[in-house]
Amino acid sequence: MDIGIIGAGAVGLLFAGYLGKRHNVTVYARRKEQMEQLEAHGVIVWREGKKEQTDVETKSLSMLDSRHDLVILAVKGYDLDESLFITIPTEIPLLFLQNGIGHMDLLKTLPHDIVMAASVEHGALKENEHTVLHKGVGVTNIALVRGATGPLQRLLENEDAAFPFEVEDDYEVMLLRKLFINAAINPLTAISGRVNGEMESNPYYNALIGQVYAELLHLYPHMEEVISLEDIKRVCLNTAQNRSSMLKDVENGRMTEIDAILGGLIRKSSPLDIPIIHTLYLLVKGKESAGRHT
């Protein structure tokens, strides 16, 4: 396949590094400096102390190629400006990798023939402009929002054992499952400044995870059959040493994904219905604002 990847953060580089070994990959980056680094060095993926290099093409988004068989949107949710899709022909299939449910309405309204969504369970840390650390091997769950399954099936062919894909039937349930995990863990890590594992081992953070889970079930009671509180705590243990992306954004004074993860819940509910989630949202927004103005 000929694949375009928009976004060269940790997840974009991770996908480029693995998919570039089996497909023709073009990475669309924002900055000239990063494009030059990717052209010179390719994408470097470190996993379990071993380094793998993959050559990729790189271009600015204004040079988007209409020949792609698939375009992967690996930018943060807050960068999914609707004007972006004017440049992508409607016959090119789209795959979205964003956290949260902030982009769910957008998926339904785009004019493109084939739209897919994914829930990425890998741990990735961007080390520099062309290097990503694959810190936790997981799975990428993909579900069809609409359209034919052909591009999805081609993506599944000859997949890498270290970078597997799984097909989900219901994209909304898939995204909500990831939302439950992100909503219960990421804001707490961003506020506390601690790694994922401490959200389970510290009894006070552990209790808050339980309260967030209960509030999420209040909004989405059908999800009790899909994801349990123990499932969320298991994610904390399996990623015990990980510093969540939201924590890293706060530490680096960057905008977080709190609006994509909790913002939609806040807008659809009263603070009286989800008081813990509402409080976590305000605390993260406060840290985000303070960090971006120092």
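Reply: S119 is found in strand 8, which covers residues 115–120. Helices are DSSP runs of H or I (at least four residues), strands are runs of E (at least two), and both are numbered from the N terminus. This is a predicted model: local features need pLDDT of at least 70, side-chain atom pairs pLDDT 80 or more, and totals for chains, interfaces and linings use all residues. Residues are numbered from 1 along each chain, and side-chain values use heavy atoms, without hydrogens or water.

Is S119 buried or exposed? S119 is buried, because its relative accessible area is 4% (under 20% is buried, over 50% exposed, in between partly exposed; 1.4 Å probe, protein chains only). Now set aside its neighbours within four places in sequence. S119 is then in contact with V139, T140, N141, M174 and K178 (heavy atoms within 4.5 Å).

M174 and K178 touch S119, and helix 5 runs over residues 171–192. Helix 5 packs against helix 8 at an angle of about 60°. Their axes are 10 Å apart. Axes are lines fitted to C-alpha atoms, for helices over the stretch in contact; angles run from 0 to 180 degrees between N-to-C directions. From helix 5 come F180, I181, A184 and I185. From helix 8 come I232, V235 and C236.

Helix 8 (residues 229–238) also packs with helix 7 (residues 203–219). Here the angle is about 135°, with the axes 10 Å apart. Helix 7 brings N206, I209, G210 and Y213 to this meeting. Helix 8 brings L229, I232, K233 and C236. So which residues of helix 8 face helix 5? I232, V235 and C236 do. I232 and C236 also meet helix 7.

Four strands form an open sheet in the order 4-3-10-9, and the pairing is mixed (two strands pair if DSSP finds at least two bridges between them). Strand 4 (50–54) and strand 9 (123–128) are the edges, and each pairs on one side only. From one strand to the next, the twist averages 25°. Inside the order, strand 3 (residues 43–47) pairs with strand 10 (residues 131–136) in the parallel sense, over three bridges. One of the residues to look for is W46, whose bridge partner in strand 10 is L133.

Helix 1 (residues 10–19) packs on this sheet. Helix 1 touches strand 3, strand 4, strand 9 and strand 10. Its direction makes about 95° with that of strand 3. Helix 1 is mostly covered, with nine of its 10 residues buried. The buried residues include L13, L14, F15, Y18 and L19. A10, G12, A16 and G17 are buried too.

Strand 1 (residues 2–6) is also covered. Five of its five residues are buried, so strand 1 is largely enclosed by the rest of the structure. On one side lie D2, G4 and I6; on the other lie I3 and I5. Strand 1 pairs with strand 2 (residues 24–28) in the parallel sense over five bridges. G4 has T26 of strand 2 as its bridge partner.

End with K268 in helix 10 (residues 258–268). K268 counts as partly exposed, because its relative accessibility is 48%. E225 is 43 residues away along the chain, and the two C-alpha atoms are separated by 22 Å.
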